[in-house]
Amino acid sequence: MIIDCHGHYTTAPPQLEEYRKRQIAEFETAKHVHPKGTLGISDDQIRESLENAQLKIQRERGTDLTIFSPRAVGMGHHIGNEATSRHWSEHCNELIHRVCTLYPKNFVGVCQLPQSPGVRPDNCIPELERCVMEFGFIGCNLNPDPSGGWWTGPPLTDKWWYPLYEKMVELEVPAMIHVSGSCNPNFHATGAHYINGDTTAFMQLITADLFKDFPTLKFIIPHGGGAVPYHWGRYRGLAQDMGRPPLKELLLNNVFFDTCVYHQPGIELLLKVIPADNILFASEVVGAVRGVDPETGHNYDDTRRYIDAIEWLSTVDREKIFSGNVGRVYPRFAARSAAR
């Protein structure tokens, strides 16, 4: 079985974006919080949005199931206020639940959290509980920078975040650490802000003892870990200079990386530096890079092809990356599979 741990609903029917535009316009012009209302999206429209996109790609590339969440760049936690974010997140998560209900063999849900700058993460707990307990979601996406590129909030290791972590541990759900859009013109969203977010989060985790307080808390750092694998020696050395434990002891029981790396040398570097036990297969389809690589003739985001091409990767490690590690990182997925 091949499980893609990183998929976003980037092809949602246009009513979702139309709703968002109205919501933003009303807040910007009158500071009015648009009522939650409804989206008016039918099941057939959901099917149409997926059949020639994510489902078609699953069939063509031979993947079986995608861990599916709302569009990351669209989370837009910096937009509006707490109520704006709550209504928007609820709609996005409800749409993911409908996708997973229509295609239970193809998708399993992960939720967007209703984060907002300056608002304590406690406010996310009711929506996390709803998505896990009512919808059967197995994880969440956690934005380390709700300010949208200005980094105005506390680092992930600050006790500001602890109530949310306590609930994650209680519910046995991990978080993919994933920024959203950037309103800072210095940082292109997918080319810079995403990679900055991955790298920044990892460095924050080096500097503190978060996992002593939460030994079962688990994070997935996407996009191959940003700059982390390429600069593994730098991070090992910084940890050593700060008197921190070795990275394997400090972080690798709790931190995992995905394979959203879009060229062969990058994937091979990731697999040489990071233990196979800490890597989950992912493609971010349909995501940030959608074109065909002229050097190979294949889509940049066809990440299975890169892994299949690595002759020195053992059968055991290949199985861990493609599916085995998901059960360890997402306990609710393991329980779901066992029940089925």
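This is a predicted model: local features need pLDDT of at least 70, side-chain atom pairs count only at pLDDT 80 or more; totals for chains, interfaces and linings use all residues.
Aspartate 301 lies in the loop that runs between strand 11 (298–299) and helix 12 (303–308), and because its relative accessibility is 4%, under the 20% limit, aspartate 301 counts as buried. When residues up to four places away in sequence are set aside, the residues touched by aspartate 301 are Arg61, Tyr262, Ser283, Val285, Val289 and Arg290.

An open sheet is formed by 6 strands in the order 4-5-6-7-8-9, with parallel pairing; its edges are strand 4 (111–112) and strand 9 (279–280), each of which pairs on one side only. Within this sheet, strand 5 (residues 140–142) and strand 6 (residues 175–177) are paired in the parallel sense over 3 bridges, and asparagine 141 stands opposite methionine 176 of strand 6. Helix 6 (residues 162–171) packs on the sheet, where it touches strand 5, strand 6 and strand 7 (219–221), and its direction makes about 160° with that of strand 5.

Taken as a whole, the protein chain comprises 14 helices and 11 strands. Its radius of gyration is 19 Å, close to the 20 Å given by the globule rule for 340 residues, so the chain is as compact as a globular protein of that length. The C-alpha trace spans about 55 × 45 × 45 Å along its principal axes, and 55% of the 340 residues count as buried. Of the contacts with a separation of 6 or more, 78% are accounted for by residues 24 or more positions apart.

Technical notes:
Residues are numbered from 1 along each chain as its sequence is written. Side-chain values use heavy atoms; hydrogens and water are left out. Two strands pair if DSSP finds at least two bridges between them. Helices (H or I, at least four residues) and strands (E, at least two) are DSSP runs, numbered from the N terminus. Contact means heavy atoms within 4.5 Å. Axes are lines fitted to C-alpha atoms, for helices over the stretch in contact, and angles run from 0 to 180 degrees between N-to-C directions. Buried means under 20% relative accessible area, exposed over 50%, partly exposed in between (1.4 Å probe, protein chains only). The radius of gyration is taken over C-alpha atoms; the globule rule is 2.2 Å times the number of residues to the power 0.38.
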